[in-house]
Amino acid sequence: MKLFAAAFAAALLWPTPALAADPAADRYAAAMKAARWTGPLLASNAETLPTGHVYTEPYFFDGISGGDHHPGTSGFYQYGLRDNWTVGVQPFFSLGTQRYNREMAVGDFKLLSQVRLSHFTPDHRVPSVAIVTNLVLPTGKDDHLAALKQGHGSGSFAPEIGINVQQYFLLGNGRLLRARLNVLRQFPLKHDVSGRSVYGTGPDFRGHARPGSKTTVIAGAEYSMSREWVLAFDVEADAWGRTKVVGRDGDGPLMRSASPKSWNLGFAPAIEYNWSDRAGAILGLWVVPKGHNTAASVTPAIAIQRFW
């Protein structure tokens with residue numbers, strides 16, 4: 001019995017070998033320390049902010065289609081409610097360039113919410129995955145439009161649900177490739193429409209409209225060329241369902257109309273410069289060729305991000 005007790009005590013006191021180091025984890029940690037990111041032009045992050053921190057990223061753009069310019073600004077203004085839960089708002093403003101629309105207009109705002117389910121680390125190299133639940137607010141004017149005036153909203157509340165995924169890949173030269181995938185589905189609600197509207201109704205119209213649902217899929221990638229400079233590229237596919245309008249024009253008969261389904265596919269090359277771990281900028285061009293029932297467009301854009 002004494003011999004057993006002595007052996008047991010010796011086993012407890014004997015130094016145990018250290019766990020084998022993971023060389024890949026060390027390489028990933030070094031590469032992540034040597035890279036700064038702004039994020040590509042279109043694809044959203046799957047990460048969340050630390051509790052109490054703020055992230056701002058205003059965008060400035062000029063949508064060009066059919067020779068007409070449509071400058072505006074949007075962006076992301078977010079707050080870390082919990083380490084795995086970020087909330088925020090995405091505003092939208094546009095500047096009219098035509099003779100009768102030379103003013104700043106408010107578009108539809110969006111409330112943002114993102115809950116992270118998994119988190120990439122050098123030691124635990126699983127993709128970061130987050131569930132997205134947003135709500136589009138009809139803050140832009142969509143009806144009661146004066147003659148020759150343009151609308152800048154849909155008039156509809158629109159819940160959104162989606163998923164964001166992000167993963168890092170260590171290349172042979174020790175630099176990182178960061179990839180993102182976003183899938184988002186929007187469900188606009190039916191709403192009342194009066195007078196001239198973005199739906200092509202006349203001044204005496206009374207009825208309602210239901211915009212078609214929208215599905216967006218974005219794949220984005222960033223290559224860290226150096227600590228400050230990053231090349232980025234996005235591919236985005238958008239598909240819209242039928243928009244339905246029902247109502248009467250004055251005392252006329254009941255009218256029903258439905259727009260055709262549509263889709264397009266665009267791409268956005270960009271370059272980032274990140275002058276610190278907390279701030280950077282991205283400059284790019286979103287090119288959308290003519291799609292199915294959609295017009296071609298080119299949108300140069302710049303964004304400046306800051307982590308507070």
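Four strands form an open sheet in the order E10-E11-E14-E15, and their pairing is antiparallel. The edge positions belong to strand E10, residues 191-194, and strand E15, residues 254-258; each has a single partner strand, so one side of each is left without a neighbour in the sheet. On average, neighbouring strands here are turned by 20° against each other, direction ignored. Keep in mind that this is a predicted model.

E10 runs antiparallel to strand E11, residues 205-210, and four bridges join the two. Which residue of E11 is the bridge partner of Asp192? That is His208.

Next, the rings. The structure has nine aromatic pairs. I will take Trp37 with Tyr168: the ring centres are 6.1 Å apart and the planes stand at 65°, so this pair is edge-to-face, the cut-off for that being over 60 degrees. Where do the two residues lie in the chain? Trp37 is in the loop between helix H2 (23-33) and strand E1 (54-65), while Tyr168 belongs to strand E8 (158-170), so the pair ties together parts 131 residues apart in sequence.

Are these two buried or exposed? Trp37 has 15% relative accessibility and counts as buried. Tyr168, at 10%, counts as buried too. Both residues also belong to a cluster, in which ring pairs link Tyr28, Trp37, Phe120 and Tyr168.

The charged end of Arg306 sits over the ring of Trp308, at 4.4 Å from the ring centre.

Methods:
Residues are numbered from 1 along each chain as its sequence is written. This is a predicted model: local features need pLDDT of at least 70, side-chain atom pairs count only at pLDDT 80 or more; totals for chains, interfaces and linings use all residues. Side-chain values use heavy atoms; hydrogens and water are left out. Rings of Phe, Tyr and Trp (its six-membered ring) pair if their centres lie within 6.5 Å; planes under 30 degrees apart count as stacked, over 60 as edge-to-face and the rest as tilted. Buried means under 20% relative accessible area, exposed over 50%, partly exposed in between (1.4 Å probe, protein chains only). A charge sits over a ring if NZ of Lys or CZ of Arg is within 6 Å of the ring centre and within 35 degrees of the ring normal. Two strands pair if DSSP finds at least two bridges between them. Axes are lines fitted to C-alpha atoms, for helices over the stretch in contact, and angles run from 0 to 180 degrees between N-to-C directions.
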